[in-house]
Amino acid sequence: MSLTEKDKAAVKAIWSKISKSGDAIGAEALGRMLTVYPQTKTYFSHWSDLSPNSTPVKNHGKTVMGGVALAVAKIDDITNGLTALSEQHAFQLRVDPANFKILSHCILVVIASMFPKDFTPEAHVSLDKFFCCVSLALAEKYR
């Protein structure tokens with residue numbers, strides 16, 4: 001999957017509008033993932049509270065969106081831009097790479113619900129392609 005210049009411009013444009021709400025987006029998306037896909041809780045069993053509005057969920061949601069911000073900043077070479085995160089998730093955290101797609105989907109759902117006017121069909125397709133690229137980049141070190 002590759003991003004066209006139009007896709008990159010669309011991602012940057014919507015990111016400029018939503019990035020100020022990144023922490024809230026991340027917390028809601030992670031909470032949604034843990035609720036809708038309970039099998040993902042396995043990776044967070046060391047947290048004392050896995051409920052959607054808990055402090056660990058909010059904190060990790062912020063961390064996740066920091067990774068998304070990095071991917072937007074490195075949009076011309078997402079794979080190399082996310083190498084350190086890919087290595088961390090593959091070798092230290094040992095996260096099943098299928099979960100990157102699950103979380104990406106949850107982030108899209110939250111963006112759509114929080115920013116319905118900005119989540120146009122064009123923004124949707126560009127963000128979907130972007131999150132596919134992010135998921136592939138994060139899975140790179142598993143190969």
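Modeller: A helix here is a DSSP run of H or I of at least four residues, a strand is a run of E of at least two, and both are numbered from the N terminus.

Colleague: How many helices and strands does the chain have, then?

Modeller: There are 7 helices and 0 strands. Along the sequence the pattern reads α-α-α-α-α-α-α. This is a predicted model, where local features need pLDDT of at least 70, side-chain atom pairs need 80 or more, and totals for chains, interfaces and linings use all residues. Residues are numbered from 1 along each chain as its sequence is written, and side-chain values use heavy atoms, without hydrogens or water.

Colleague: What box does the chain fill?

Modeller: Along the principal axes, the C-alpha atoms fill a box of roughly 40 × 35 × 20 Å.

Colleague: Which residues of α3 and α7 meet?

Modeller: On the α3 side they are Val68, Ala71 and Val72, and on the α7 side Phe130, Phe131 and Val134, with contact meaning heavy atoms within 4.5 Å.

Colleague: And how do the residues of that contact divide: nonpolar, polar or charged?

Modeller: The contact of α3 with α7 has 6 nonpolar residues, no polar and no charged. Asp, Glu, Lys and Arg count as charged, Ala, Val, Leu, Ile, Met, Phe, Trp, Tyr, Cys and Pro as nonpolar, and the others, Gly among them, as polar.

Colleague: Cavities next. What is the count?

Modeller: There is 1 cavity of 30 Å³ or more, a cavity being points on a 1 Å grid over the protein atoms alone where a 1.4 Å probe fits but cannot get out.

Colleague: How much space lies in it?

Modeller: The largest cavity holds about 50 Å³ of space, taken as what is filled by probe spheres set on the grid points, joined across faces, edges and corners.

Colleague: Which residues line it?

Modeller: Val11, Ile14, Trp15, Ile18, Met65, Val68, Val72, Ile111, Leu127, Phe130 and Phe131 line the largest cavity, where lining means an atom within 4 Å of a point. That lining has 11 nonpolar residues, no polar and no charged. Val68, Val72, Phe130 and Phe131 are also among the residues where α3 meets α7.

Colleague: Which helices supply that lining?

Modeller: At least two residues each come from α1 (5-18), α3 (55-73) and α7 (121-138). The largest share is from α1, with 4 residues.

Colleague: Pockets now. How much space is in the largest pocket?

Modeller: About 630 Å³ lies in the largest pocket, a pocket being an open set with protein on both sides within 12 Å along at least five of seven lines.

Colleague: Which residues are closest to its centre?

Modeller: His60, Val64, His89, Phe100 and Leu103, out of 28 lining residues. The whole lining of the largest pocket divides into 17 nonpolar, 11 polar and no charged.

Colleague: Which helices supply at least two residues of it?

Modeller: α2 (22-36), α3, α5 (83-92), α6 (98-114) and α7 each do. α3 gives the most to the lining of the largest pocket, with 6 residues.

Colleague: What about the second largest pocket?

Modeller: The second largest pocket holds about 180 Å³ of space. Its lining has 13 residues, and Met1, Ser2, Ile78, Thr79 and Cys133 lie nearest the centre. Two or more lining residues come from each of α4 (78-81) and α7, and the largest share, 3 residues, is from α7.

Colleague: How many charged residues line that second largest pocket?

Modeller: The second largest pocket has 4 charged residues in its lining, with 7 nonpolar and 2 polar. The lining of the largest pocket, by contrast, has no charged residues.
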